[in-house]
Amino acid sequence: MSIITPNIDTASKIPVYTQIYRYIRNEIENGRLACKDRLPSTRALSSHLLVSRNTIDMAYGQLVDEGYIESIPKRGYFVCDISTNLKPIGPYEKQPAPAAAPKPVYDFEFSPYGVDLENFPYGTWRKTMRDILYDERNTHLFESGHRQGDLDFREAIAAYLHQSRGVVCTPKQIIVGAGVDYLLLLLAQILGPATIFAMENPSYMQAWRILTHLGFNVCPIGLDKYGMDMHGLTASPANVAYITPSHHFPMGIVMPIGRRQEILAWAAAREDRYIIEDDYDSEFRYKGRPIPSLQGIDTRQKVIYLGTFSKAIAPSMRISYLVLPPRLLDIYREHYSFYSNTVPRTEQKQMTEFIRQGHFERHLNRMRMIYKNKRDYILKALEPYRRFIAISGENSGLHLLIRFLDGRSEAQLLWQARQCRLRLFGLSEYMSAPLKAPDTGATLILGYASLTSRQLKDGMSRFIKCFFPDSAPDAAIDE
């Protein structure tokens with residue numbers, strides 16, 4: 001141990017050496033100084049505590065006499081083993097932990113949150129960062145950057161969003177942050193504490209948790225076949241609607257142009273109303289033409305656009321972006337631009353080059369085909385059992401929904417899945433309030449992105465045998 005720092009009270013009637021002795025004794029008895037730990041030398045400790053070396057000698061001598069420490073010639077003072085006659089006491093004593101219930105063990109996890117990392121272009125990604133670090137012109141990347149994110153990165157994001165999502169914005173409107181969670185925390189401050197949010201039910205529960213834990217009033221609004229129900233929205237006191245119009249999570253609904261115009265009209269009716277467009281996994285669409293963003297058709301500057309690279313690249317890629325309308329951008333610059341940017345500049349530069357050199361577009365095109373093949377395999381595997389289930393949300397995103405028509409409850413289905421060592425997710429996990437509509441069958445969410453081809457084949461075989469044992473063929477599913 002290099003040093004210790006007891007709290008010495010020079011005004012106390014207790015001698016200083018006694019205070020030091022008691023401090024070290026308590027550290028040993030409480031286990032914070034362990035057997036064989038080396039104490040600082042008397043010279044080093046006297047210099048650190050600004051006391052005489054004789055004071056340290058007296059404290060150490062008392063500890064040696066009582067058997068707490070020992071002096072080894074030419075090596076120093078070391079803590080003795082006192083475990084046979086003392087046990088740790090005091091506030092740091094460990095209490096026996098309550099017996100925890102054993103965690104379920106799964107062979108296959110159909111998570112809607114994962115991505116395919118097996119096909120990530122690791123070589124290109126490494127080379128991009130290596131070129132950045134070896135380029136002597138990039139030494140500025142280790143200095144503090146712009147609080148909204150480096151300009152060239154925001155320019156690359158603006159160009160990408162306009163080309164792929166139809167977003168209309170300038171780089172000045174973009175704020176880069178380390179994940180959607182951080183940007184929601186920032187956005188909540190920009191909108192102000194009086195804001196009342198409307199959120200789809202079911203919905204992206206992480207956003208719900210963040211906003212409710214910040215103390216905001218959040219109104220759950222049910223869905224119809226077009227997305228957020230307009231009757232519920234207009235009847236609520238909300239002035240900000242949080243929606244996922246291009247691909248609702250988790251239901252997979254694509255909001256049609258008529259509903260988009262209705263919700264834009266709702267926002268335009270009052271100055272303080274806004275729409276947060278969370279463009280969740282919108283890059284992955286397998287049928288029909290790409291769905292442009294809601295922000296791109298907003299003529300009244302009422303849409304706040306929120307996006308991330310986590311689904312397109314990797315969950316650990318904590319780079320997200322916020323596109324603010326001009327009025328909210330002015331509020332940010334006046335009151336909240338003191339926040340430092342939370343994304344390292346080297347990572348911003350890496351992502352900039354990954355986009356500008358065309359690697360990002362090629363990666364997305366490749367992943368769309370890989371994910372589509374995985375989706376197609378699931379649909380083919382489930383085709384013989386369509387009389388028992390209804391499938392929805394399969395044309396976009398990285399998961400699909402399976403509604404069971406035989407009356408089994410969600411709890412029963414998840415129990416069966418655990419018995420078969422399958423990790424599945426029930427729709428109720430994404431509901432912030434019970435649905436008023438009558439129950440039409442339990443629904444499971446089947447994510448497939450993170451499973452390899454072999455895992456997907458074996459996992460779907462297990463899935464079918466688990467839920468359709470009387471109907472499942474004995475033979476494995478064909479490729």
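Reader: What does Phe 309 touch, not counting residues up to four places away in sequence?

Author: Phe 309 touches Phe 153, Ile 157, Ala 314, Met 317, Ile 319, Tyr 321, Met 351, Ile 355 and Phe 360; contact here means heavy atoms within 4.5 Å. Please keep in mind that this is a predicted model, where local features need pLDDT of at least 70, side-chain atom pairs count only at pLDDT 80 or more, and totals for chains, interfaces and linings use all residues. Residues are numbered from 1 along each chain as its sequence is written, and side-chain values use heavy atoms, with hydrogens and water left out.

Reader: What makes a nonpolar core, and which residues touch the most other members of the largest one?

Author: A nonpolar core is a set of buried Ala, Val, Leu, Ile, Met, Phe, Trp, Tyr and Cys residues joined through side-chain atoms within 4.5 Å. The largest has 65 residues, and Phe 309 and Phe 463 touch the most other members. Helix 12 (residues 359–382) gives the most to this core, with ten residues; helices (H or I, at least four residues) and strands (E, at least two) are DSSP runs, numbered from the N terminus.

Reader: Why is Lys 374 called buried?

Author: Buried means under 20% relative accessible area, exposed over 50%, and partly exposed in between (1.4 Å probe, protein chains only). Lys 374 has a relative accessible area of 6%, so Lys 374 counts as buried. This lysine sits in helix 12. Leaving aside neighbours within four places in sequence, Lys 374 is in contact with Asp 116, Tyr 448, Ala 449, Leu 451 and Leu 456.

Reader: Why is the crossing of helix 5 and helix 11 called left-handed?

Author: A crossing is left-handed if the near helix is turned anticlockwise from the far one by less than a right angle, and right-handed if clockwise. Helix 5 passes helix 11 in a left-handed crossing. Their axes come within 9 Å and cross at roughly 40 degrees; axes are lines fitted to C-alpha atoms, for helices over the stretch in contact, and angles run from 0 to 180 degrees between N-to-C directions. Among the residues making the contact are Phe 153 of helix 5 and Met 351 of helix 11.

Reader: How do you know that strand 11 and strand 12 pair?

Author: Two strands pair if DSSP finds at least two bridges between them. Strand 11 (residues 303–308) and strand 12 (residues 320–323) run antiparallel and are joined by four bridges, so they meet that definition. Leu 306, for instance, has Leu 322 as its bridge partner in strand 12.
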